Amino acid sequence: MRTQLSLTMEPQCFVSVLNFILLFILVPNFYDRQGFSAVTASSARTNSCYDEYGRPQRCLPEFHNLAYGMRISASHSCGKPPRKFCKWELRGLSCQVCDSRLPSQTYPVKYLTDLHNQNNVTCWQADPKQSRENVTLILSLGKTYDITYISLQFCGPRPDSMAIYKSLDFGKSWRPYQFYSSSCGRVYGRPKKAFASRENEQEALCTDAHLIKPLQGGRIAFSTLEGRPSANDFEASFVLQEWVSATDIKIILNRISGGSKKQDYKYYAVSDLAVGGRCRCNGHAGRCPPSRDGKPVCECKHHTAGNNCEQCKAFFNDRPWRPATETSPNECVACNCNLHAKACMFNMELFKLSGGNSGGVCIHCRHNTAGRFCHYCKEGFYKDPSKDITHRRVCRPCNCHPHGSMGKVCDQNTGQCPCKEGVTRRQCDKCDTGYENTKSPIVPCIKTPNTVMSIQPKDSTCSQCKKVGLSGKKFCRKDFAMKVAVLGLDRSVQGDWVRVTVNVMTRYKRSLVRLRLGNEFLWIPRRDYKCKCPKLRPGRQYLIAGSIRSTRRKKSIVVDHRSMVVSWNKNMDIKVEKIKKKCQNEKDFEHRYN
Ligand SMILES: [Ca+2]
């Protein structure tokens, strides 16, 4: 069947054109073959966005005449000043006056878009005196629409040259839609052409098919998809989807036809401007009602948003936005944030990595959660095993003991803090079995020695104390010599002994006990401790040379009034090295230490 829409007809015949357009509107299958259904289809089901089972499906707002009742702007109309105009009617020549002061003799622009009643045709007219000038008509739709056809019903002579333009940016810029002219090349600089090529489907064509005689009255209708090869596969053709969409339509009547007749007969007169189309909602809305400011806005479903449902609603960014098609609703999908976030964003790389399944990334995870899906607890918190990950209080603070643990971060699943040596429990707040509390923030628990040999103090005076400085002789004779940092004192344990926790920093001599670097215990007889010989203060460093006391089971490092205890100073290193050399010369030293 031929579907040439760029045609003209005699006035008597336009009824059949209207019927044609009605057919176009009401019977979508009529044009399915042409691929027009996506733009023109209208049935009870297409505006429903969910099927009877509540599943999403493509939905489209009603198809209708977008121009009906709309305000058109015309560059000029007749009546100011009053002007005579004439036309041939069945009775013969008839002349009247267009006068804007007399309602019965006005031909205002609103007559272009009033209810078209064939028994009482109302016409807009341009001034006959200005028929040599271009006349411009503009229809602003207020949002993006998918346009199917644009048609003009003439009351007077049809134009020889006419151009239709569309805008996609509310009239800021215009693109040609279609040209009509008896001389396409001369007037519009375009070849006479009826069909677009597949490579250039968004090309505006020019035709002279509207110039079938008689040139009075008749309709010029432009179908946006007529002669466009991809119209058969409209849903897949982004070029044609863009081609049919418009926010504004502009018609420029460039040149009137009618040869060299008198001026009174030459004027533009149009009874009806119709623009068939539907609100562009990308298949995600079945309605497009006017918003508060009067402009139409899509009633977006499928978790979409925007004037044209051209984006996903906040938090529905797990998949990229897509228009709905006949076979797939392509609804937007919510991100999975385990109820801990209110926002998410889409990440294409993650989406591709997931095999096109999920690309959402949660933003601002709350309730101490973290991760792409807010699916684990953030640092310093652990998951309560008795609660679901969606629970508000699923993440509990580690509360690691500041002295007992090596850090503030605990195991995500068990909540176990990293305990120092000899420290136990989840929060590292207790000394383990076999360890004792030192009250030191650095080494809170140390191994309990099994036994320490008891030495009976001689008397209660401090007569045993002598001032002991750095002496080469003593250094050489002692069992051990080392540089230590005193970490803490514990006066409460081990009866006659005061236990000192030190950090052994340097060992200067081989010893009868295996001196380890790091934390060690020293033992001071309580009597010597009371007499402050030696005097050891936590936080200070000392050079200590002393003896080893053994029991059957264990050797302990004892520091008493006979030990050499010297406060460490910066020159000590050199002095000690000198003393070490001296020791090597002493027989005694060799006998004992090597
Ligand atoms: Ca009218």
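Which residues touch the most other members of the largest nonpolar core? In this predicted model, they are Ile164, Tyr268, Val270, Leu273, Val275, Ala285 and Cys298, out of 65 residues in that core. Strand β6, residues 135–154, gives the largest share, with 10 residues. There's also another core lying apart from that one, with 28 residues, and Tyr508, Ile524, Met564 and Val576 are among them. As general background, nonpolar side chains in soluble globular proteins tend to be buried together.

If you skip its neighbours within four places in sequence, valine 275 is in contact with Asn65, Leu66, Ala67, Leu139, Ile147, Ile150 and Ile249. And for the chain, take the contacts with a separation of 6 or more: 62% of them are between residues 24 or more positions apart.

Okay, the overall picture. We've got 10 helices and 30 strands, and 38% of the 594 residues are buried.

Two stretches to flag, though. Residues 451–458 have pLDDT below 50, with 14 contacts in the model beyond near neighbours in sequence. Residues 588–594 are also below 50, and that stretch has 7 such contacts.

Most residues other than glycine have a negative phi, and most peptide bonds are trans. Here, the bond from lysine 80 to proline 81 is cis, omega near 0°, and proline 81 sits in the loop between β2 (72–74) and β3 (83–89). The bond from cysteine 533 to proline 534 is cis too, with omega near 5°. You'll find proline 534 in the loop between α8 (526–530) and β28 (541–550).

On the phi side, asparagine 282 has a positive value near 55°, and histidine 302 has one of about 60°. Asparagine 282 is in the loop between β12 (269–279) and β13 (304–305), and histidine 302 lies in the loop between β12 and β13 as well. Buried or exposed? Asparagine 282 counts as buried, because it has 25 C-beta neighbours inside 10 Å. Histidine 302 has 25 C-beta neighbours inside 10 Å, so it counts as buried too.

Last stop, glutamate 436, in strand β23, residues 435–437. Glutamate 436 has 18 other C-beta atoms within 10 Å, so it comes out as partly exposed. Glutamate 436 is 13 residues from proline 449 in sequence, and the two are 9.7 Å apart in space, C-alpha to C-alpha.

Note on methods:
Residues are numbered from 1 along each chain as its sequence is written. This is a predicted model: local features need pLDDT of at least 70, side-chain atom pairs count only at pLDDT 80 or more; totals for chains, interfaces and linings use all residues. Helices (H or I, at least four residues) and strands (E, at least two) are DSSP runs, numbered from the N terminus. A residue is buried if 20 or more other C-beta atoms lie within 10 Å of its own, exposed if 12 or fewer, and partly exposed in between; C-beta atoms are placed from the backbone. Two residues are in contact if their C-beta atoms, placed from the backbone, lie within 7 Å. A nonpolar core is a set of buried Ala, Val, Leu, Ile, Met, Phe, Trp, Tyr and Cys residues joined through C-beta atoms within 7 Å. pLDDT is the predictor's confidence in each residue, from 0 to 100.
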